[in-house]
Every structure is written in structure tokens, then in C-alpha cells.
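Work through the exercises below with the sequence and the 3D view open. Each task is followed by its solution in steps.

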Amino acid sequence: MERPLAWRSVSVVAVLLFGVLLALSPSYGYHRDELYFRVLSEHPGWGYVDQPPLTPLLAGAGIRLFGDTITGIRVFPALAMAVLVWLVALIARELDGSRAAQTLAAAGTATGAYTLIAGHSLLTLSFDLPLWAAAILFLLKALLREREPRWWLAAGAVIGLATYNKHLIALLVLGLAAGLLAAGPRRVLASPWLWAGGLLALALAVPNLLYQVADDWPQLKMAAALSADKGAELRMMYVPMQLTLFGPAVSVIAAFGFVRLWRDRRVRALAVAYPVAAALTLIAGGRFDYTAGLILLLFAAGCVSAAAAAPRVRLAAGAGLALSGLGSAVLALPLVPVAELAGTPVPAINEVARESVGWPEFVAAVQSVRAAIPPAEQATAMVFTGSYGEHGALARAGVPRVYSGHNHLWLFGPPPDTATTAVLVNVGPRIREQFGTCERRATVDNGAGLDNEEQGLVVWLCRDLRTPWSVTWPRWRHFS
């Protein structure tokens, strides 16, 4: 018999989370990814060289529905986290969790560091988490309700749709397959419904895959570039970050959840999925958050055990989540004033907060150099940036003729060959050597003493382009 749904308490948690995220959304500023997605949303397509189309599509939808503001672009991420809270509570219920277990799962998810980060800013993670949670919920239903095999179709549909946000959902599929083969129940592999669900997932993903094939698998090149650039660092940080993604208390409860799943032969495959996905991520030099969806599964299972334990265990779990949630809020949300941020551990831990400060100052520095160019020369002068965030910030400010070779922006084409004068920012000497003269004209200062990617960048004014842009453009492309 199915457990009663704790709809009141879970709804309260979800609504409170949504409200807090929206209320804090204007604080600090845009993250560089949001500025990039804003640009990509103006060029809709089946995919981009560094990602599938869903997040840029939702960025554009948020702007059109709620306005071209920082809050407007963040409505959907906040809503996605409210949905995530519900999905994790439903996962706990599916694992025979009581109302207390569902509430504990909802509260722990809502106060997790990565949940708060993903809900505060528009990131691919913002939509990947609920998509993974929905897929996991349907996989659980398919495994636990053998008389209702149609749930494999629901799981396949979500997995297919998830490929339009990130291809990382393949880690869940590979982890499940390895789990079924290694730990069973292997009879599930003979189910025509499972294979029908797989075919449905593949059919839904086909347009996305065709884009990759037609463009020579750009995301594989992107992944290789990321691994070569930061693979060793990511491997070293992997285990510590697994323990802190949603807070230490979540990690402890998740460990008990792994044991619970392992002891249940029906869902043991999903327990195996986590170490398999983690191993694949480590081998590939991927990011530590690639397994975040499976951590939430283990956490939900752990909440079922905690809620059914002795009162002192329930009290310890609740107190641990409360303390962990307070720490997560300080680290993940814009609670520390910008002027004091540099003197705290937050920038070192939370990259999203660190890279959301200083964009107005960056734009002002570039604009000051551009404005000093004589009017006749300024009419054809262009701006070239080294990163998509810089390009997005200038485009958001309405600066004309901004170009970049970073990731997908390179495909928007070279500047006209008449643009022999350029304002360059975040470029190396190899690029400056393409001009006859280059002068330092400004230095970016965010005014908060915060060390991030833009702080201290030199803004150059370069003239007399030696070789036309149309000839040298292939050299300017780079991935990161």
C-alpha cells in the first residue's frame, strides 16, 4: 500500500524556497553563464558547440515572459528547484517513506548548497537536477512496481528530453545498466517495456544527436578541452566536493541511503549506479557535480531510514540538516554584502558568487576606452573579448560590434575586414601581435577587492590590423 503524501509540508518547503530565491535574485549580479545564455537565446537552434539548447531556450523564455532583468532570467531556475523539492520527496515516498521522511527529504534538498546555487542563478545545473530526479523517480516506479511496466516509457521520455539540457543523463543510464548486470534483478533486462523506454529516449534525442553528428561532435571536443584544462584539479577535488555538494548532513544521511538501497534487491541497481557514475566521471576528468542527481536519490533513501529510526536519530538528522542548511545558505546565497565578500571564504568556495560581481565595472572600463576613439575611427572599430561572459556583459549593455572566439560565439563569424581598430580584453600576446600597435588604456577593477576572472584585466586599444579578420579567424577560436 502506497504511503500517504505529505503534500502540505512539502508544499510549504517548496513555496518558501521559491520565494526566498526570487527575493534574493537581484543581489550581486549576473553570472557569466547567464550572460552567455542570454546571447545564445537570441540564436535558437538544435544545439550549440558547448551544450544542448534547453537552458538558452529557457533563458529567452524567462526574458520574454518576465522581462530582460536579472530576476526575469532567474524565475525558471527558482521554479525548477521548487519542483526538485517535490520530486525528491516523491522519491522518498516511493521508497516507502512516511510523511516525516518526505518532509525531511524536502527540507534537506531545499537547504542544500547546490540546490540554492542552482536556484539562485540560471545554470544548466538548474534544470539538470529536476530532470535527473524525475528520471530516477520513474525508474524506481518501474523497478518497484513490476505489474506497472509502463513506467519504463515515462523514464525513457524524461531521459530523452534531458539530453536537450545536458548529455550527462547518459551517466544515469550507464550506471543503471551496470547495476542491473552486476546486481540485478537481471530479469528486468528481458522486459520489452524497458527496451521500448530506451527506444523512446533515443527517438526523442535524435535531433540533438544529429546536430552533434553534422557538426563533427563539438561537445566531445568541448569535453576533451575541459578535461585537458582542469581534469587533474577536478579529480583532486572530487571526493571532498561529493561530501559538500548539498552539505555534510546530507552526505551522512546519503551514506545510510546507499545501504538501504543495497539491501533491497529490487533497487540495488540504483545503489550501484552511483559508484559507477562517479568512476566514469573521475576517469573522464569531469566535474564533481555530475553525480549530484544520484546523491539526492541516496539522500531520499537515507531520509526513509532516519524517519523510521529511534527518536534521538530523527532529532539528530533534523538538527544536522538545520545546521548544514544554515552553512549552505551563507555559502550559496548572496547574504554577505559585496563590500565584505572578499574577506570571507565564500568566493573561494562558491564560484557562482565570485563570478557574479563586477560586471558593471567591467563594462565601464571597456566603454571608456571605446569612447576615447575619434568618432570617424569609432564608426568601424570593434570589441573583441576572450570569454563568453565578457561578450555577454557588453551585449547586455548595448555595446555595438562585439565579437569573441570563445566556444559557440566563434560561429557568429569574424568582424568585417574594415574593423582595423579594436578594443581587446582578456587576450594574450599572440592576438595582440596581429596589430601594428597596441596600447594599455584601462584596467578592470570591480571596486570590491574581489579576485575573480575579470579583476585586473587590461583593456587594450589596438590599431592597424596586419591581416584581414576573414583570413585569421580560424586562429581565434578556443574552448573552455
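**Exercise 1. Find what lies over the face of Phe288, and how far it is from the ring centre.**

Step 1. Arg287 lies over the face of Phe288, at 5.4 Å from the ring centre. Step 2. The criterion is that NZ of Lys or CZ of Arg is within 6 Å of the ring centre and within 35 degrees of the ring normal. Step 3. Another case is Lys141, whose charged end sits over the ring of Trp151, 4.9 Å from the centre of that ring.

Before going on, note that this is a predicted model, in which local features need pLDDT of at least 70 and side-chain atom pairs count only at pLDDT 80 or more, while totals for chains, interfaces and linings use all residues. Residues are numbered from 1 along each chain as its sequence is written, and side-chain values use heavy atoms, with hydrogens and water left out.

**Exercise 2. State how many aromatic pairs the structure holds, and describe the pair of Tyr36 and Tyr388.**

Step 1. The structure holds 14 aromatic pairs; rings of Phe, Tyr and Trp (its six-membered ring) pair if their centres lie within 6.5 Å, and planes under 30 degrees apart count as stacked, over 60 as edge-to-face and the rest as tilted. Step 2. The ring centres of Tyr36 and Tyr388 are 4.1 Å apart and the planes meet at 10 degrees, so this pair is stacked. Step 3. Tyr36 belongs to helix α2 (residues 32-40) and Tyr388 to helix α21 (residues 388-396), so the pair ties together parts that are 352 residues apart in sequence. Helices (H or I, at least four residues) and strands (E, at least two) are DSSP runs, numbered from the N terminus. Step 4. Tyr36 and Tyr388 are both buried, where buried means under 20% relative accessible area, exposed over 50%, and partly exposed in between (1.4 Å probe, protein chains only).

**Exercise 3. Describe the pair of Trp410 and Trp473, and say which cluster holds these residues.**

Step 1. Trp410 and Trp473 form a stacked pair, 6.3 Å centre to centre with 5 degrees between the planes. Step 2. Trp410 is in the loop between β2 (402-404) and β3 (422-425) and Trp473 in the segment after α23 (469-472), so parts 63 residues apart in sequence are tied together. Step 3. Trp410 counts as buried at 17% relative accessibility, and Trp473 counts as buried at 5%. Step 4. Ring pairs link Phe384, Trp410, Phe435, Trp469, Trp473 and Trp476 into a cluster.

**Exercise 4. Give the strand order of the open sheet, and name the strands at its edges.**

Step 1. The sheet has 5 strands in the order β2-β1-β3-β5-β4, with mixed pairing; two strands pair if DSSP finds at least two bridges between them. Step 2. β2 and β4 (435-443) stand at the edges with a single partner strand each, so one side of each is left without a neighbour in the sheet. Step 3. β3 pairs with β5 (residues 458-465) in the antiparallel sense over 4 bridges. Step 4. Ala422 has Cys462 in β5 as its bridge partner.

**Exercise 5. Locate the disulfide, and give its handedness.**

Step 1. A search of the whole structure finds 1 disulfide, meaning a pair of cysteine sulfur atoms within 2.5 Å. Step 2. Cys438 is joined to Cys462, with S to S 2.0 Å. Step 3. The torsion about their S-S bond is about 115 degrees, so the disulfide is right-handed. Step 4. Cys438 is in strand β4 and Cys462 in strand β5, 24 residues apart. Step 5. Cys438 counts as partly exposed at 27% relative accessibility, whereas Cys462 counts as buried at 0%.
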